[in-house]
Every structure is written in structure tokens, then in C-alpha cells.
Amino acid sequence: MIIASKKRKILAIYIDLLLFLTFKELFEYFFESVLPFLAWIIAFGLILYMSNKFLPSPGKHFLSIEKDNTVEPIIYENESWLTLLLGVLLILEGTKNLVRWTEFMVPMPFFGIFIDSAAQIIFSVIAGILFLLSGYLILKLKMPGLLLGIGITIVTIVSSLLSWDLWDPFITQMVEARRNFQDIPVRESEVEFMNMIYPKMIIVIEFIYLIAMILSMQRFKLASRPATEDDR
């Protein structure tokens, strides 16, 4: 038996927190109700407590931690810090996409054109679901999850390059909308600084994701191979 380490359990709690905060934001948006912060803390604590008593929490399930705190051997033996990092980052990006549109909405460039607000909401939700699915499957070392992640990354890179001339007006509106939402003024030279680094940063980050996924591919192949007599 492989017992889940404390680090793995903490990572599971982090994933639970991301999913819980996503639910919180959507609940408050659709029901137009803001519960006391203490109530949300108590609710999250109860979920963690119940997950230890009965069924594993989503975070534990994502990280293959069973009710008895053991880890699936084939996952443990073939995963790496890189596959864990990729999975968690994709889940983080997925939860952000699922709720970002509830805070402020700025039409963004997509394959060289601006999409309207309604399409932006649909796009954001679909992207969030795909990121979450990819992150979950990558943590499970499922090849379709890795291929989905590679596909999303390639689409993002191509779309960003085709939209290069549209980034400046988008970033200007995004910064202003974000500061209005936060109820603080736009900082001096903030827009110019974001215009200078934001598009380049996206391309660099996506290429790092792409390289990391390709480097991890062998682990997914090992995890998906049929068991042999030696494995047994």
C-alpha cells in the first residue's frame, strides 16, 4: 500500500478550495446573495470533515487518494512533479475561466477578431470546462487529457499570434475594467506596461506549457500500458 503524503493531502485541499471558491462565486452571482465570509469558511471545513468520514473530496479524487488515504499505485509510480504541476495549473485556469466573466466582461480577441459579450461568456465557460477536464485527466495520467491540454495550448498560441494587432485595445479596456471593478484608479503607465508585456507573456507561458506536456508524454504512455506478469 502507498499512503498519501502530507504534501499530497495539502494539494488535494488546495484543489478542493479552488472548486469551492468557484461554486461560491457562481452562487453569489446567480442568487445575488453575499453570505458572511465566516459561513463559507464553516461550509468548507464541513466539506473537508465529511470527506474524511465518508466519500473522498473532489481534490482527493483528482489526486487518486482513496478513502483509506492510500494512492493508486499506477498513478504514484508514473506521475512526477511536472505532471502534478501541469494538472493543478490547468485546474486553476479552468476555475478562473468559469468565474472571470461574473466580475467584469471585456470582449477579447480570438483568432484575429473581437467576439461580443454573449459569445465571450460562452467561450469562457467552455474554456473553463476544457481546462478542468484536461487538468483532471492529466492528474489521472490519461493520454486524452494530455492531448486535450496540448490542443488547448496550440489553439491559444495560434489565436494570440493572429490577434497580435488587437491586444493593445483589449488590454486598455481590460485594465480599466479591472480597476473599476476593484474601485481603484488605473496606475500611471500601467496600461503601457501591460501592453508591452502581456501578449509576449502569454506566448512564452503557452510555449512552456507545450514543452512541459511533450516532455511528460512518456509517463502517460507508461501509465496506460497493459499490466504484465512482472507488474503483478
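This is a predicted model: local features need pLDDT of at least 70, side-chain atom pairs count only at pLDDT 80 or more; totals for chains, interfaces and linings use all residues.

Mentor: Residues are numbered from 1 along each chain as its sequence is written, and side-chain values use heavy atoms, with hydrogens and water left out.

Trainee: In what order do the elements of the chain run from the N terminus on?

Mentor: Helices (H or I, at least four residues) and strands (E, at least two) are DSSP runs, numbered from the N terminus. The chain holds nine helices and two strands. From the N terminus on, the order is α-α-α-α-α-β-β-α-α-α-α.

Trainee: What percentage of the 232 residues in the chain is buried?

Mentor: A residue is buried under 20% relative accessible area, exposed over 50%, and partly exposed in between (1.4 Å probe, protein chains only). Among the 232 residues of the chain, the buried share is 41%.

Trainee: What share of the contacts in the chain with a separation of 6 or more comes from residues 24 or more positions apart?

Mentor: A contact means heavy atoms within 4.5 Å. For contacts with a separation of 6 or more, the share from residues 24 or more positions apart is 75%.

Trainee: How are the rings of Phe-27 and Trp-40 arranged?

Mentor: Rings of Phe, Tyr and Trp (its six-membered ring) pair if their centres lie within 6.5 Å; planes under 30 degrees apart count as stacked, over 60 as edge-to-face and the rest as tilted. By this rule there are 14 aromatic pairs. The centres of the Phe-27 and Trp-40 rings are 5.7 Å apart and their planes stand at 80°, so the arrangement is edge-to-face.

Trainee: Which helices does this pair of Phe-27 and Trp-40 link?

Mentor: Phe-27 is partly exposed, at 23% relative accessible area, whereas Trp-40 is buried at 7%. The two residues are 13 apart in the chain, and their pair links helix α1 (residues 6–31) with helix α2 (residues 37–53).

Trainee: Which residues do ring pairs link into a cluster?

Mentor: Phe-27 and Trp-40 are both members of the cluster.

Trainee: Is Lys-140 buried or exposed?

Mentor: Lys-140 forms a salt bridge with Glu-72, with 3.8 Å between the closest N and O atoms. The pair links the loop between α6 (117–139) and α7 (143–162), where Lys-140 lies, to the loop between α3 (58–62) and α4, where Glu-72 lies. Glu-72 is partly exposed at 29% relative accessibility. Lys-140 has a relative accessible area of 11%, so the residue counts as buried.

Trainee: Where do Arg-179 and Glu-190 lie?

Mentor: These two residues form a salt bridge, with the closest N and O atoms 2.6 Å apart. Arg-179 is buried at 9% relative accessibility, and Glu-190 is buried at 13%. Arg-179 lies in helix α8 (residues 167–182), and Glu-190 lies in helix α9 (residues 190–224).

Trainee: What is the phi of Phe-111?

Mentor: Most residues other than glycine have a negative phi. Phe-111 lies in the loop between β1 (109–110) and β2 (113–114) and is partly exposed, at 36% relative accessible area. Although Phe-111 is not a glycine, its phi is positive, at about 55°.

Trainee: What is the phi of Leu-141?

Mentor: Leu-141 lies in the loop between α6 and α7. At 3% relative accessibility, Leu-141 is buried. Leu-141 is not a glycine, yet its phi is positive, at about 60°.

Definitions and conventions: A salt bridge is a side-chain nitrogen of Lys or Arg within 4 Å of a carboxyl oxygen of Asp or Glu.
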